[in-house]
Amino acid sequence: MVGIGLAEFLYAFHSGIEALAGCMLVIRGRGAMDTLQESSPRARLYRRWHGCGLLGLSSLGLLVLLNGKVRDTSTKLQC
């Protein structure tokens, strides 16, 4: 891990976990803790919709990483 700081590593790890969870929800249509009785078509659609949202967030995280904006202070709260 030469040239990558802790913040970048944690950001990449978090984005990877989001992508993994999003893929699993889109492919399976149900979560790991859901039982088969809860797999109505509406529940599966909701889970897939949630998975697509997670994939969108992880892709935005990838863009932030690729542009080197993890430590950018333009979004810092001013109190």
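Buried means under 20% relative accessible area, exposed over 50%, and partly exposed in between (1.4 Å probe, protein chains only). The model is predicted, so local features need pLDDT of at least 70 and side-chain atom pairs count only at pLDDT 80 or more, while totals for chains, interfaces and linings use all residues. Residues are numbered from 1 along each chain as its sequence is written, and side-chain values use heavy atoms, without hydrogens or water.

**Exercise 1.** Classify F13 and F9 as buried, partly exposed or exposed.

Solution. F13 has a relative accessible area of 51%, so F13 is exposed. F9 has 35%, so F9 is partly exposed.

**Exercise 2.** Find the aromatic pair and state its geometry.

Solution. A search of the whole structure gives 1 aromatic pair (Phe, Tyr or six-membered Trp rings with centres within 6.5 Å; planes under 30 degrees apart are stacked, over 60 edge-to-face, the rest tilted). F9 and F13 form this pair, at 6.4 Å centre to centre with 20° between the planes, and the pair is stacked. Both residues lie in helix α1 (residues 6-28), 4 residues apart, about one turn of the helix; a helix here is a DSSP run (H or I) of at least four residues, numbered from the N terminus.

**Exercise 3.** Check the span of α1.

Solution. The expected span is 1.5 Å times one less than the number of residues. For the 23 residues of α1 this should be 33 Å, and the end C-alpha atoms are 33 Å apart, which agrees.

**Exercise 4.** Which residues of α1 are buried?

Solution. E8, S15, E18, G22 and L25 are buried in α1. The buried residues of α1 pack against α2 (41-67), where contact means heavy atoms within 4.5 Å.

Conventions:
Helix = DSSP H or I, 4+ residues; strand = E, 2+ residues; numbered from the N terminus.
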